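Please keep the coordinates open while reading.

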Amino acid sequence: MSTKKQRRPFNKTRLKNQILNVVKNPFNLVVAVSLVVLFCLIVIPLLQMIASTFLVAKGELRRIHGAQVGDFTLYYWKYLLVGQMASATLWGPLKNSLVCGFFTVLVSVPLGSVLGWLVARTDIPCKKLLGMLVVIPYMIPSWCKSLAWLAVFRNKTSGSLGFLAGMGIPIPDWLAYGPVAIVLCMSLHYYAFSYIHVQSALRSINSELEEMGEICGASKPQILRSITIPLVLPSVLSAIVMTLSKSIGTYGVAANLGNRIGYFTLATKMKNFINGSPQNVGYAMSIILISLAALIIFANQRLIGVRKSYATIGGKGGRSTEMRLGKAKLPLMIFLVLFLFFAMVMPMFVLVMETFQISTGGGYGLNNLTLYNWIGADENLAPYYTSYKGIFYNSEFGKALFNTIRLTVIGSVITAFCGQFLGYICTRGRGKWYGSLTEQLVFVPYLMSGVAFSAMYVAMFSRPHLGGLIPSIYGTFTLIVLTSVVKHFPFASRSGTANMMQIAVELEEAAEINGAGFGKKLSRIVLPLAKNGFISGFMLTFISIAKELDLIIIMMDKRTTTMSYLAFTYSQDGMNQMADAISVCVLMFILICYIIANRFGADIGKSW
Amino acid sequence: MSRIELKHIDKYYGNNHVLRDINLVIEDGDFMTLLGPSGCGKTTTLRVVSGLEKPQNGVMTIDGEEMINADLAYYAEPSKRGLNLVFQSYALWPHMTVRENIAFGLKIQKLPKEEIASRVQEALRMMRIEEYIDRYPNELSGGQQQRVAIARAVASNPKLLLLDEPLSNLDARLRVDMRSELQRIHKELGTTIIYVTHDQVEAMTMSTKIALFKAGELSQVAAPMELYMNPIDLEAADFIGNPRINFLEGKAIYEGGKLRVRCELDSYVFDSSDMTDEEVPSGEFDCVVAIRPEQIHIFEEPGEGRIPVQVYANQPAGSETLVSLRTGNSDFLSKQIGLAQYALDQTVYVSIAPEKVNVYNAATTRLIKRAR
C-alpha cells in the first residue's frame, strides 16, 4: 500500500470530468469572480499607488530636467525624505502623529479598561444603564467630538468665542487647539475600543478562576494583579494596537483642531499634498502611513499571537460572580458620573445650544437665542447671523443630505451583500487556499487609515487605465461609493463570516443530499438563516458610512458634498453654528439608526 | 435495497492519508456498522459513500452502477445516488417546521402535493411523532429532533440510509429506545443501512455486519458475534467487549499438527482445525492468550480442571459481579451474572473452557487460534 499520491497517466475522459466538476459547481465560479474582483479593487490600486511615487507626473516636468511623463524617478521620495522641506513635510508631522497616537493610547486604554472592568465584574449600581451610556460617546463620530470641543474651548484665535471663553474664562491656544485637544478628543472616542475589548474578555473568563485564587488565600488586589490582568492582557494589547493605528490615521479631529494653528499630522499634511501638489508626494506619505499601521498590527500579531488564544479558554462556564467594591463604590460612582458628564453631556449640550445662539460664547440669554440657524429663510437677515440661510432653507444642506442618504444607502447595501458573500467564501473555504487568500485580501483595507485608503483610489482612478477600459472616475459619486464599499470590506466580511459560522455546514449538506442545487441551497437555507445577521451587519455598515469623514474627504467637491464634509467645511470657514447644526442632524440620524439596529440584535461593539 | 461496493478507496486531506485502500462490500439489506475509535476514518467513509467527500483513488458502485470512479474523476452528485443521511447534529433546518423539513427534499423532486403530504404523514407515523408536525426544531427535545431527522431521511424512500453517530447526543435511556426503533425501521423498510458509531454496544446490538476501522484502514469485517468471539488482532480484541478481554502472556509451540500453549494460568493443547490461516513461527514463540471475562467461571471448591487463584478485588453491581483475580504476576478479570461475595485474598478455583480461548501471535498481534 502506498502512502503517496500517484500520478495518473493522461486520460481524456478524466480531464473532461475534472473540468466538468469545476465548472458545474457554481460555488467555484463565485469564488473565482470574487477573487478577481478583490484583486482588482485592492491589490492593483495599492501597486498602482506605489508605482506612481516612482514615476514623473505632469506637474513636476519643469522641476525635473529632461524628464518625460512616466519616467522613473526618485524625486518624490527624495523630496519627502531628504529635501529641504523634509522636516516640515514629513518628520514634523510624523512626530506629531506618533506623539498624538502615543498619548491617546496612554489616556484611552487605562480609561476604557477600568470602565470595562467596572461594568463587567463589579457590583457597581445601574450596570445596564451604565453599559449603555458608556458606549454612546463611541457612536458619535470623532469629528463631531472635535466640533463639540471647539464649541466649548474655542477662543479668539479662531474668531468667535466658545462656551468657556464666552463666560470670561481665558482659554489658552494650547488647550483649545493642537496636540492636547487632539489627544483628549481622540481618547474620548477610542477608549471605546479598550472598553469593548476588556469588557468582553472579562465576560468570557470564568470567575471560578478568580475564586480559586481567593481560596488559595490571595487578596483582591493580588487576584486582580496575578489572575485577572494577565488573562485580559491580550485584549488590552490588541486594544492598544487598534487605538494606536487608528489614531495615527485619523484626519477629521486632527484637521479640525490642528489646522487653525498650523499643527499638522501625517494624515492632515498628506491631504494637503494630494489636493495640492506635488500629488505624488502625498501618495508617498500615504504609503508611509499604511506601512506604519501594518507594522504596528503585524508586530502585535507576532508578539501576542500565541497568548491571544487564551482569552477564550474560560468560555465554558458562564458563571460570573461580581466583585464587591465596598468602600470604593462611592468614589468610583462619582468618577463615572463625572466622566459621563464631561465626556458626553456637557459637550453635547454646548454643541446643541450653540446651534441656537446668535453669537457663540454670548451666553444663553434670550436675546442671544434664535432659530435662524435652523429655519432662517430671510436672506436679508443673513449677514446679521452667519451669512447663510438657516440649514433647512440652505440648498447646500439639502444637497448634502441627499448625497449622504444616497451614499449611505447604496454603499451599505452593496457592502453588506459583498460582506455576506465574502464571509460565506471565508467560512466554507476554511483551510483551503481560496478561503485564506480571500481572508487576507479582505484584511488589507483594514491596515489603511481612511485618508490613506482614499488616496490610493484617487491615484488609481484619476486617469483612465487599460486604454479607457477603466475610465477615469475621479470626482464622481461612483468613486466615492466604490471607496466606501471596499474600505468597509474587512468589517462587513467579518460580520458576514460570524454570521455564516452560525450556519452549520451540515445544514447545507443535508439540503445537498435532498437534491438542492447551489441556488436552492442559498435561497432556501443560507439566506433565510443569515437574514438577521445580515440586517444587523447592514445597519452597522450603514451607520459607519453615514458618519464617515476621513475616508471621503479627499474626493469631495461641490457636487458630491456629504453632511459630514459640509459640517467640516463650515467649521473651517468659521460658521460654527451651521457646522454644529449639521452635526446635530448627523447625530440624530446615527442615534436613530443605532436604535433600529439594536432591534435586530446588532452589537454596537462590533461597529467601527 | 441496494448493494454497495467500495474498491481501493483512498482519501487524503492535504498530505494526511485518512482512508487507506478501503475495500468493502455491503450486501443488499445489510445493517452495516462502521465501528472504530474517533479519528479512524469511519465518518469519512460514510461521507465518501454519500458523495459529500470525493476520494482521490478508488471506485464505488451502488447496484452495479458506478458512482465514483476516481481514475476518471467521476463523482455522481449526492442526490443522484438514491440515498439519504442522518447527521450527528441532526442538521434540522431551524427556520422550517417539522413538516417543511421533511417535505423539503420531496418538493425539490417536484412530487405532487398530495403525495408529499402523505409521505410526510407516513414518515412521522413511523417515528411516532405525528403531533409535532407544525413545531419548529428548537421547540422539540433532543430525542424528538432525532426522530424528525430520521423521518426526514426516510421520507425520500432512500435505497440506502446513512446514519452518522445518530445516538451520540442522546441520554442513556433514550439511546436504548432509539436502538430498538432503528432495528424496527430496518426491518420495516428493508433498506440497506450504513451506520457509523464508536459505541460497540450499538454496533453489537443492531447490526447484521460490523466493519472495524483502525487508523484509516479496515481491520475486520464480520458479523457481530464473530467479531466478538474472534477479533482479528490484539487491538480489535482490546476494543471490542466491556469489560475488557483478559490478556495473558505465554509461550507457544506448533508441532505435529498441535498447538501447545502455556501461560501462568494453565497450559493448553489445540487442534490445528481451530487455527486460522495466519502463518505460525517454527519453534517456541511468544504468544498472548485472550480470555473473555465471562468465560472465567469461579468456584469456591477445588475440582477437576479448576485452577486455584487469589481474589484481588470484588465489585458486585447488582445484575453482575466483576471479580479481579491474580495468579503469579498475572491479573485478570472474571464476570459473573448476579451477586457474588468473595473475601479479598480468598483462594478460589476457576475453570475455563479451552475452546473459548483465543491465542494471538505476540510478534504480529494476529489471531492464530479461534474460539468456538
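Does B:Lys110 count as buried or exposed, and how many C-beta neighbours does it have inside 10 Å? B:Lys110 counts as exposed, because it has 8 C-beta neighbours inside 10 Å; a residue is exposed if 12 or fewer other C-beta atoms lie within 10 Å of its own, buried if there are 20 or more, and partly exposed in between, with C-beta atoms placed from the backbone. This is a predicted model, in which local features need pLDDT of at least 70 and side-chain atom pairs count only at pLDDT 80 or more, whereas totals for chains, interfaces and linings use all residues. Residues are numbered from 1 along each chain as its sequence is written, while chains are lettered from A and ligands numbered from 1 in the order in which they are written.

The confidence of the prediction comes next. The predictor gives the complex an ipTM of 0.81 and a pTM of 0.79. For chain B the average pLDDT is 91, and 100% of the residues score at least 70; pLDDT is the predictor's confidence in each residue, from 0 to 100.

Chain A contains 25 helices and zero strands, where helices (H or I, at least four residues) and strands (E, at least two) are DSSP runs numbered from the N terminus. Its C-alpha trace spans about 95 × 80 × 50 Å along the principal axes. Buried residues make up 47% of the 608 residues in chain A. Of the contacts in chain A with a separation of 6 or more, 74% are between residues 24 or more positions apart, a contact being a pair of residues whose C-beta atoms, placed from the backbone, lie within 7 Å.

Chain B has eight helices and 22 strands. The principal axes of its C-alpha trace span about 75 × 50 × 35 Å, and 42% of its 372 residues count as buried. In chain B, residues 24 or more positions apart account for 66% of the contacts with a separation of 6 or more.

The largest nonpolar core has 267 residues; such a core is a set of buried Ala, Val, Leu, Ile, Met, Phe, Trp, Tyr and Cys residues joined through C-beta atoms within 7 Å. Helix 9 (residues 179-204) of chain A gives the most to this core, with 16 residues. Domain 1 (4-237) and domain 2 (239-369) of chain B both give residues to the core, so it lies between them; the domain bounds come from an automatic or database domain assignment. The residues with the most contacts inside the core are A:Ala455, A:Ile582, B:Ala151, B:Ile194 and B:Val289. Leaving aside neighbours within four places in sequence, A:Ile582 is in contact with A:Ile391, A:Phe397, A:Met563, A:Leu566, A:Ala567 and A:Tyr570.

B:Ala151 is one of the buried residues of helix 4 of chain B. This helix (residues 142-155) has 14 residues and reaches 20 Å from its first C-alpha to its last, close to the 20 Å expected at 1.5 Å a residue; the expected span is 1.5 Å times one less than the number of residues. Eleven of the 14 residues are buried, so helix 4 of chain B is largely enclosed by the rest of the structure. Its buried residues pack against strand 7 (83-86), helix 2, helix 3, strand 8 (160-164) and helix 5 of chain B.

Most residues other than glycine have a negative phi, and most peptide bonds are trans. B:Lys110, in the loop between helix 2 (98-108) and helix 3 (113-127) of chain B, has a positive phi of about 60°. B:Thr365 lies in the loop between strand 21 (358-361) and strand 22 (367-369) of chain B, with phi near 65°. B:Thr365 is partly exposed, because 14 other C-beta atoms lie within 10 Å. A cis peptide bond, with omega about 0°, joins B:Asn242 and B:Pro243.

Key. Two residues are in contact if their C-beta atoms, placed from the backbone, lie within 7 Å.
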